[in-house]
Amino acid sequence: MEASSILSTVYPLPLPLHSSLPPSIKSHFCNHAISTNYPLKLSTRPSKTRSLTIRSAISRTKKEETVEAVKQQLQDCYLLAGISYKGFTVKQFQELRTQLPETTKVIVAKNTLVLKAIEGTQWEALKPCMSGMNAWLFVHSEEIPGSLKPYRTFQKEQKLDGNDFTGAVFEGKFYGPDEFKSLETLPSREEVYAKLLGSLKAPASAVVGTLQAPARNLVMVLQAHVKKLEEEGQ
């Protein structure tokens, strides 16, 4: 037997696809899904649902951080005021921060987050301000007029007539935009001391009038009197 015949018997040569193979077998060999020319690939792209979940978690974390930042500013805070923020540029906001005294801080936060931070506190009286875009001014000083004046100066220089105070809370009371003048004209500590010292030297009726003033003024009277006695060596 010839060598070619032996090889054909032991190792039959594959028939070409164009031969008369049954259709089922021919389609099997022509199936591109198992062809090495089209290897299977696994997608490494994150699913849309997973991306949304990550973004949602980041957003929730930022909101929690903002609420916590507002709560920290409320500590030792004497006055909290809202300022209409619409139309402010980033440059203007940065410049405003440099002009405020160290005891006054301004931040931008959504009304809903600020409302969450002040819920259940005396600052909750600020609710009437919770509309529109607001920046929030935190005053950590008893010198209220001196803390508000820098913004008034900045507002005038930048011609921001429409960016006025939207309201404020001072000693648990809400002050609307029309009542801000009373806050901006509060007497300074030195003026209060001078008035109280004058009352101590005045007739009894004047002293009684002073004692009938708010408790905060009474405390200042006593402090001034103690200081005076210390200076006199008594």
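**View 1. Glu 171 is an exposed residue, with 51% relative accessibility.** Exposed here means over 50% relative accessible area, buried under 20%, and partly exposed anything in between (1.4 Å probe, protein chains only). Glu 171 sits in the loop between strand S4 (165–170) and strand S5 (173–175). Helices (H or I, at least four residues) and strands (E, at least two) are DSSP runs, numbered from the N terminus. Although Glu 171 is not a glycine, it has a positive phi of about 55 degrees. Most residues other than glycine have a negative phi.

A quick word on the model: it is a predicted one, where local features need pLDDT of at least 70 and side-chain atom pairs count only at pLDDT 80 or more, while totals for chains, interfaces and linings use all residues. Residues are numbered from 1 along each chain as its sequence is written, and side-chain values use heavy atoms, with hydrogens and water left out.

**View 2. Asp 76 has a positive phi of about 60 degrees, and it isn't a glycine either.** Look for Asp 76 in the loop between helix H3 (48–74) and strand S1 (79–84). Asp 76 is exposed, at a relative accessible area of 67%.

**View 3. Five strands make up an open antiparallel sheet.** The strand order is S2-S3-S1-S4-S5. S2 and S5 are at the edges with a single partner strand each, so one side of each has no neighbour in the sheet. From one strand to the next, the twist averages 20 degrees. Two strands count as paired if DSSP finds at least two bridges between them; S4 and S5 pair in the antiparallel sense over three bridges. Zoom in on this pair and you'll find Phe 170 opposite Lys 173 in S5.

**View 4. Helix H4 packs on the sheet, where it touches S2 and S3.** The direction of H4 makes about 160 degrees with that of S2; axes are lines fitted to C-alpha atoms, for helices over the stretch in contact, and angles run from 0 to 180 degrees between N-to-C directions.

**View 5. Helix H4 (residues 90–99) has Gln 92, Phe 93 and Leu 96 as its buried residues.** Seen down the H4 axis, these buried residues fall within an arc of 100 degrees, so they line one face of the helix. That arc is taken from the directions from the helix axis to the C-beta atoms. They pack against strand S2 (104–108), strand S3 (134–139) and helix H6 (144–157), with contact meaning heavy atoms within 4.5 Å. On the face of H4 turned away from its buried side are the exposed residues Val 90, Lys 91 and Thr 98.
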